[in-house]
Amino acid sequence: MTTTAVEQRTDSGIDEGIVERARSLYNLIREEAQQGQEDRQITPHAVEAIDGAHLFNLLVPERLGGPGTNVRTMIEVLIELGKADGAAGWSAALLNACTWFAVTYSDSAQEEIWGSNPNAKACGIFFPGMTRRHELGRGETAEGGYVLSGEYAFASGSAVADWATLGMMVDGRDGKPTMALGLVSKDQWTIKDTWYTVGMRGTGSNTIVVEDVFIPDHAVQTFEDLAEGRYATSHGQDEAISRASFLPVGTVILAAPAIGMAKAALEYSLGKLPNRPVGYTVYTEAKNSPTHQLALAQAASNIDAAHLLLARACNDIDNYAERGEQPSALARGRMRMDTGHAVTLCKEAIDLLMTANGASAFAEGSILARIWSDANTGARHAFATPEIGKEVYGRLLLGADNPLSIQV
């Protein structure tokens, strides 16, 4: 790279050059979206374009061959990708987050991942709320590590990932079972074709199956250590991105595709509605209909509010990392609350726009229909569920007796 990411950033912390690379792929990704939906997988052409622009590994440090940008820039990229295609944006979101998780591992693990492949990408399924409990792997202790078997559903990006961060139960410091994440390479898993959905079809979020896979100790970190920022990497002192807060990074990514999809729905509506007659009314042009004026204004305001909330959360993550601090539980709780609220605002905005466009918006093959189904599917992710975010944040605000019953 002739110019470092830091040198390119604006006062807002956004690397505009990287965001522009994502923006330039809009037409290509949009044209591939329908085929991806039919294939139930992001198309090879779209994967090649996104990967070629180095947009799957945004938080990988430059020393490992990545762009080494910050969380705020990553979010802006994901919004642009989600604007072109929700499934592509979602796939990129999960791949970027899980690839960054691998950055927190030991130097030995990092060498295995990126030593011969600077474009290496990781997917991941790790928290019990993201897979059925009876399928969550149990790591059996073995000399120098663990042996893992299990099935991991909803593995977005698994078809194009080189590694996976997989949840596993291990014995903790107190001897009691505790959650950990183990790194598994793609040659150690198989894919079970399970992703049949009405929304986010193009993400190919199938099931990863591992059977008796050995995972060395240096490729395992406990969830407790990750959540508290006690990372195995030796680079936390000299790289801000290598000390960012684990769960907030993995949470804020979920709102970015939603914002992108909502922006796409708004742009589509602004292009189609103004001169269209409103059926069974006296309005020959929707631009003069108060019903449509109110709907578009509310949708636009919702989308702006969602973007502002997510930007604040990302700026906070980056600022804590730059200072070498971990955010408090209350700050992490607010970030989770902001994520869920941003997703809800976008979902409501898209609903308003669907109504404003009428029943034809739900026609098979309609861009708006795909946006609506993708957005409503993505909004059901556990970390994006607004009720959980409210409970977490409310417990922390009020000082409940067990404020961290849900991890943040």
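Is Leu398 counted as buried or exposed, and at what relative accessibility? Leu398 counts as exposed, at 76% relative accessibility, where exposed denotes over 50% relative accessible area, buried under 20% and partly exposed the range in between (1.4 Å probe, protein chains only). The structure is a predicted model, in which local features need pLDDT of at least 70 and side-chain atom pairs count only at pLDDT 80 or more, whereas totals for chains, interfaces and linings use all residues. Residues are numbered from 1 along each chain as its sequence is written, and side-chain values use heavy atoms, with hydrogens and water left out.

Leu398 belongs to helix H14 (residues 386-398); helices (H or I, at least four residues) and strands (E, at least two) are DSSP runs numbered from the N terminus. Together with Leu330 and Leu397, Leu398 makes a nonpolar surface patch of about 340 Å². Patches are made of residues with over 30% relative accessible area and no salt bridge, with like charges joined within 9 Å and nonpolar side chains (Val, Leu, Ile, Met, Phe, Trp, Tyr) within 5 Å. Accessible areas come from the Shrake-Rupley method with a 1.4 Å probe, and for residues only the protein chains shown count as cover.

Helix H5 is mostly covered, with 14 of its 14 residues buried. From first C-alpha to last, H5 reaches 20 Å, close to the 20 Å expected at 1.5 Å a residue; the expected span is 1.5 Å times one less than the number of residues. Within H5 (residues 71-84) lies Glu80, which is buried at a relative accessible area of 14%. Apart from neighbours within four places in sequence, Glu80 is in contact (heavy atoms within 4.5 Å) with Val19, Ala22 and Arg23.

In strand E1 (residues 122-125), Ala122 and Gly124 point one way and Cys123 and Ile125 the other way, and all are buried. Strand E1 runs parallel to strand E5 (residues 163-171), and four bridges join the two; strands pair if DSSP finds at least two bridges between them. Within this pairing, Ile125 stands opposite Leu166 of E5.

The structure holds 19 salt bridges, each defined as a side-chain nitrogen of Lys or Arg within 4 Å of a carboxyl oxygen of Asp or Glu. Side chains of opposite charge can pair when their charged atoms come close. One of the salt bridges joins the side chains of Lys192 and Glu151 (3.0 Å, N to O). Lys192 lies in strand E7 (residues 190-192) and Glu151 in strand E4 (residues 145-155), so this pair ties together parts that are 41 residues apart in sequence. Both residues are partly exposed, Lys192 at 36% relative accessibility and Glu151 at 24%.

A further salt bridge is formed by the side chains of Lys186 and Asp162 (3.6 Å, N to O). This pair links distant parts of the chain, 24 residues apart: Lys186 is in the loop between strand E6 (177-185) and E7, and Asp162 in the loop between E4 and E5. Lys186 is partly exposed, at 47% relative accessibility, whereas Asp162 is buried, at 14%. Lys186 and Asp162 also take part in a network of salt bridges that includes Asp51 and Lys121.

The side chains of Glu325 and Arg323 likewise meet in a salt bridge (3.3 Å, N to O). Glu325 is partly exposed at 38% relative accessibility, and Arg323 is partly exposed with a relative accessible area of 48%.
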